[in-house]
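Have a look at the sequence and the model below. A short tour of a few of its local features comes after it.

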Amino acid sequence: MGYELETAITYLPGIGPQRAKLLEAELGIKTWRDLLYTFPYKHIDRSRLYKIRELTTEMPFVQVMGQFRSFEEAGQGRKHRLTGHFWDGEMFLDVTWFQGIRYIKQSVKVNKDYILFGRPSVYGGRLCVNHPDLDSPESTALSKMSMQPYYTTTERMKKAGMTSRSLERFTSSLFSKITWTIPETLPDYITERLHLMPLDKALRAAHYPTTADELASANMRLKFEELFFIQLVIMTYARRRQQQRVGQRFTRVGELFNTFYRKYLPFPLTEAQKRVIREMHADMKSGRQMNRLLQGDVGSGKTLVALMVMLIAIDNGCQTCIMAPTEILAEQHLQTFRTFLKEMPVRVELLTGNVKGKRRKAIEEGLQDGSVNILIGTHAVIEDNVQFRSLGLVIIDEQHRFGVAQRAKLWEKSQAPHVLVMTATPIPRTLAMTLYGDLDVSVIDELPPGRKPVRTLHIYDNQPEQLYRGVVREIEAGHQVYVVYPLVKESEKLDLKNVQDEYVHLKEIFPQYNISMVHGQMKPAEKDAEMQRFVSGETQILVATTVIEVGVNVPNASVMIIQNAERFGLSQLHQLRGRVGRGAEQSYCILVSNFKLSAETRKRLQIMTETNDGFEIAEADLKLRGPGDLEGTQQSGIAFNLHLANLGRDGQLVQLARDTAAFVLDADPELQTQENRLLHRHLMELREEHKDWSQIS
Ligand code: ADP
Ligand code: MG
């Protein structure tokens, strides 16, 4: 009966063409199945009615029944608010709205019964509830329901009057239509072995559970399934590739590598650098294609590793290329490589959108006749129109901006070059396993010696003088300073600092210093020139947006100031901080934020001040994000997420999914047996959905 789930969403009461269009545009819901798999982001227990005297601010969400006795308006502009005095027969409660006041005044009546639903807080020393949901007690379904589902809705849906409540109506009528048993997708031997809830029951309980335990089991089953099939897809490809994919065999560690290692290496490699180079060389001489992810915290020396691995490829008669996410980075690689290799017979060229005409032609010829040994470029350029004579190794720098589909394009280019993906954003193991399960992983877990950990402080933006004194002190000591802002120019909507205004402002404050400015809206040539002024030491201060986030290397810079730090994510903050602490001097990262911070943001900034360890930060980031972002989910304590964003919390489940997939494929690699029929069919469907994976295999 599975096909009935493909019925269009318009075959549900209350969903006409208009709403169907909105559901598709906003949430991608077209069919019954789509709706079925649009899970609530939380449930709230609505089986209990409270009295006002019982309420405390520790409570998540509560329901109170009563009547409004009167309303009053106060304040102007942003402070404008409407307060209703809500009486439960015993006590009054203040109920406040800051928005939609006109609508509330029209629709909410005094002396009429309401079930008020919201979160208690304190304002001006008094207990109150802001922006509650109000229902009339006649809609008794509500107050009887033990676990009410809450669905995500977008701004556009809300404007059109489609709320979580509307989705609740849709899913409940959907379940009343699905009178048959939703077909199972996992074979019995798996559900039994792992004690998983049957799919039919799990889907129903994920929306309408009777208890929190039932909800937890349902979610566990659905999450497992999601993760399991991803692992199965990745693993079948990875296994097949291992068998089939013949890679070029780089057996020699030849002259270039040895000469460089003995004569030109400016400092001894760290043990971790040596280890990962050995791991990669082992891959490249195995006769199979290397497909490896190199993780290493910012400043761990990945560039040098890349260079040395490239020398191995060149020693074996191949060309190599390295792709950077931005032009600034590509140019920096060019300089680094040329400096390292200046005494060596290696031709290094740079190809970006800026390289045109004769110069471009010369490089393209050099690539085709094989005389260019190392090509450095930006993703876009290398992906599209470059032909090599014999490309043997591709290195992709800063992977997190480079998707699976893009990687696939490379494979079309040439017969199986070895591939190394480098990332400075440490990816937690569970995430790496899921997203890059087809890659082997090497880790540089050691920084070059002599680095002092960056000292990180969090301050508020109301004391700039202190900050400026620190800047002067560092510059007078001969160092340089970064200042990063969230915006390029002033925005009407966002009350945030911007690079252009602050550039002018800082020039007034520091007339004695030179200041560079870099942001994404500048022409590349201009940007590079400004950047160059900072690199050469001509300017002492660089103001920028996050364009400098990735990879820029100025060891003399010792201070990173991040303005409106509350606007940046953890991994971004960590990347930015990684721009300093590259020399031997003590460096500082100053997170400047607004006074008003959410609990989560405060936590984020606190983590930054407590650790420099990128892996720890990445784990924390995963745990903090996801459904935790959504209003109230942390407090309610019964929030579950059915999407991969929760890998941070479901590490064990990822491992279980991976082990189970391996178990299944060990016994039946091609999924040919009768008991794996279901898996085989579903796998085929998934491959159809994830064509980019199949291109890689
Ligand atoms: P990332 O891993 O962030 O790309 P880089 O490759 O830019 O780091 O290296 C950061 C800095 O450390 C560079 O200035 C580089 O020359 C230096 N470096 C790399 N390896 C070593 C080493 N083994 N000893 C000392 N310094 C090193
Ligand atoms: Mg780098």
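What follows covers a ligand site, a residue beside it, a helix and a strand residue.

This is a predicted model, in which local features need pLDDT of at least 70 and side-chain atom pairs count only at pLDDT 80 or more, while totals for chains, interfaces and linings use all residues. Residues are numbered from 1 along each chain as its sequence is written, chains are lettered from A and ligands numbered from 1 in the order in which they are written, and side-chain values use heavy atoms, with hydrogens and water left out.

**The ligand site**

Let us start with ligand 1, which is surrounded by 17 residues (a residue is near if one of its heavy atoms lies within 4 Å). The closest are Gln 273, Gly 299, Lys 302, Thr 303 and Arg 451. By class, the shell holds six nonpolar, seven polar and four charged residues; Ala, Val, Leu, Ile, Met, Phe, Trp, Tyr, Cys and Pro count as nonpolar, Asp, Glu, Lys and Arg as charged, and the others, Gly among them, as polar. Helix H12 (residues 302–315) gives the most to this shell, with three residues; helices are DSSP runs of H or I with at least four residues, strands are E runs of at least two, and both are numbered from the N terminus.

The table gives polar atom pairs (N or O atoms within 3.5 Å) at the ligand.

| Residue and atom | Atom of ligand 1 | Distance |
|---|---|---|
| Pro 268, polar backbone atom | nitrogen | 2.9 Å |
| Gln 273, polar side-chain atom | nitrogen | 2.8 Å |
| Thr 303, polar side-chain atom | oxygen | 2.7 Å |

**Gln 273**

Gln 273 sits in helix H11 (residues 271–284). Its relative accessibility is 4%, so Gln 273 counts as buried (under 20% relative accessible area; exposed is over 50%, with a 1.4 Å probe and protein chains only). A polar atom of its side chain also lies 3.0 Å from the backbone oxygen of Gly 301.

**Helix H1**

On helix H1 (residues 17–27), the buried residues are Ala 20, Leu 22 and Leu 23. They lie on the same side of H1, because they cover an arc of only 160 degrees around the axis, taken from the directions from the helix axis to the C-beta atoms. The face turned away from that side carries the exposed Pro 17, Gln 18, Lys 21 and Ala 25.

**Val 559**

Finally, Val 559 lies in strand E21 (residues 557–562) and is buried, with a relative accessible area of 6%.

Methods: A polar contact is a pair of N or O atoms within 3.5 Å; within protein, one must be able to donate a hydrogen and the other to accept it, and residues adjacent in sequence count only if both atoms are side-chain atoms.
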